[in-house]
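Reader: Could you take me through some of the labels on this model and what stands behind them?

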Amino acid sequence: MVERRSILDFIPHLVLLLGIVILAFPVYVAFVASTWDAATIANGHMPLRPGPHFLENYYKLLFVGTGSSTREPVGVMMLNSLVMAMSIALGKIAISLISAFAVVYFRFPFRMAAFWTIFVTLMLPVEVRIYPTYKIVADLNLLDTYAGLTIPLIASATATLLFRQFFMTVPDELVEASRIDGAGPMKFFFDTLLPLSITSIAAMFVIQFIYGWNQYLWPLLITTRDDMQTIVIGIKKMIVTQDALTEWQLAMATAILAMLPPVLVVIVMQKLFVKGLVETEK
Amino acid sequence: MNNVQLRQVGKVYAGGVEAVRAISIDIPDGKFCVLVGPSGCGKSTLLRMVAGLETISSGEIVIGDRRVNDLDPSERDIAMVFQNYALYPHMSVYDNMAYGLRNRRTPKAEIEERVQEAARILEIGHLLDRKPRALSGGQRQRVAMGRAIVRKPRVFLFDEPLSNLDAKLRIQMRVEIKKLQRALGITSIYVTHDQLEAMTLADILVVMNKGKVEQMGPPLTLYERPATTFVAGFIGAPPMNLVPLPEGGLPGLKLAKVPGSGRLTLGIRPEHFELTAPGTGPHALDIDVTVSAIEAVGSETFLYCAVGGNGPEIIVRVAGKSEIEAGATLRAVAEAKNLHFFDDETGVRIAD
Ligand SMILES: Nc1ncnc2c1ncn2[C@@H]1O[C@H](COP(=O)(O)OP(=O)(O)OP(=O)(O)O)[C@@H](O)[C@H]1O
Ligand SMILES: [Mg+2]
């Protein structure tokens, strides 16, 4: 019995370990690459242990910038990405909370029509409506601004649906108790609904932050100035295919840096995030 | 004066469902009114109209001397205890009770005082810092009561507040609610479908059926003189035996006097039978019965009997334990004052 248990325990662990190794190895290689100098990588015999140029590479990257195609320091790019991801995540959450609140708790004309309109936008991600969206942003003179970068990505059917689903599980009696306790709709929203939604909000934040951070196509179109570039685009620009002058150690370091904020967000929000996806606090 | 008056109150839901039809009830200041009836009869709807959670389709509701039809729940000066308690899950017990007062801008010191007072009355002082999740069902029930008490409302409304508790706790809380209501003297409306709860709590008992009032009055009046077969069958446990009397009489059943003419239903409570040996009599009612099943509860025994050997089934209650066995033939007799007669067609009581 005991042995069978340990074997049964062992196999899943083995599978998990294998999975982790397969996933982590490329990341490790990227990290190792970011700690050597260009020459070592270029000759094709990069060792599998970290090299001596860690501080030098990262310092140059963050505060000075690369030599060739992207001259901006990566610090600026990270800031841009951070602003974009944060605005998208928080904007989406704010808008979705409000629209889900309206759809679930208010009886207004064309309520279901409004809901279905939101729902249908699921089928129209930025990639599909990219030309009209670009035109609008350009006409509004929002090219190369944070507003242009984020606002078109904020409207979110996914988050609205998730919050609607959550709100519908909140017992009606809570609304009624609030009404009797003299809380109007907005007071109910802030005093009861929002605190109850906190885990869903955390889950949404994690998902949408990563979504925002990983945006590629839209920032590529909207930003032309180097100082408005996001880090994802920065990485792309660092890898120059035509000549072999790609500074791989810097590109890899940028990739590692680009990974950190989302990882940080996941780690910090982990507990709330998992709770938000699997259970509701009621 | 915190009396509550319902005047011809009606409710039609959006789908055309007529949930409540022209109900008039007058509840004097400080009285405990219980609405009882089968599922779907409109009890909750009526209560929620008093609370202001449901619009009033027709008629008027007056609390004190104010017509409240168009007032918000928070302006009606009522407090409600819900079946599933509806405590705010993210607030501590203290905040749950204080929330309504804070919204009314009650001074902090007074909130503190009122919450502590309610906590003392309900013996939940040691729970004030907990979240509802960390409470037992009974404790949650108390907090819900506390939330109602701190408001010092004109009217308490209860919608089946005890139905989520286990049997023992229910009885305990029932007694406490009664004591509390007496002590505070607050006019109350209480919805239940448990007839025992209804009988024990009510000053005024309202039996509802299909959106209408079947009968209302003091509980014992309803027990002693049910106005319809519906009330007769609803009040009392087990309920009154209702035996339809066919044209030529029922074999094995002898009545000394039959009031009026036409088809009748005879009603008699299980506890009003006496058992004698076959052949004695005559009494106001003599029934020869054959015992088909026995239910012994300890303090009393219920005999399920067939009238005349194979006629309709009636229940006879015997105090304490009983030596009688299934298959025995007996004579069940009753006094004239314990017999009820109803019109067989309409179910309405025949005046006596
Ligand atoms: N929102 C609604 N829309 C339409 N019909 C409703 C609505 N709420 C209740 N009803 C109907 O009104 C009638 C009375 O409902 P109500 O909830 O008052 O019953 P109840 O006496 O409280 O029953 P229970 O003992 O099961 O709680 C029922 O037939 C019900 O189907
Ligand atoms: Mg109900």
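Predicted model: local features only at pLDDT ≥ 70, side-chain atom pairs only at ≥ 80, totals over all residues.

Reader: Why is A:Asn141 called exposed?

Author: Exposed means over 50% relative accessible area, buried under 20%, and partly exposed in between (1.4 Å probe, protein chains only). A:Asn141 has 65%, so it counts as exposed. Its phi is near 60°, a positive value in a residue other than glycine.

Reader: And what makes B:Glu123 exposed?

Author: Its relative accessibility is 59%, so B:Glu123 is over the cut-off too. Phi of B:Glu123 is also positive, near 55°.

Reader: What is the make-up of the lining of the largest pocket?

Author: A pocket, on a 1 Å grid over the protein atoms alone, is an open set of points where a 1.4 Å probe fits, with protein on both sides within 12 Å along at least five of seven lines; lining residues have an atom within 4 Å of a point. The largest pocket has 23 of them, with A:Tyr105, A:Phe106, A:Val175, A:Glu176 and A:Arg179 nearest its centre. By class there are 13 nonpolar (Ala, Val, Leu, Ile, Met, Phe, Trp, Tyr, Cys, Pro), 6 charged (Asp, Glu, Lys, Arg) and 4 polar (the others, Gly among them).

Terms used. Residues numbered from 1 in each chain as written. Chains lettered and ligands numbered in written order. Heavy atoms only, no water.
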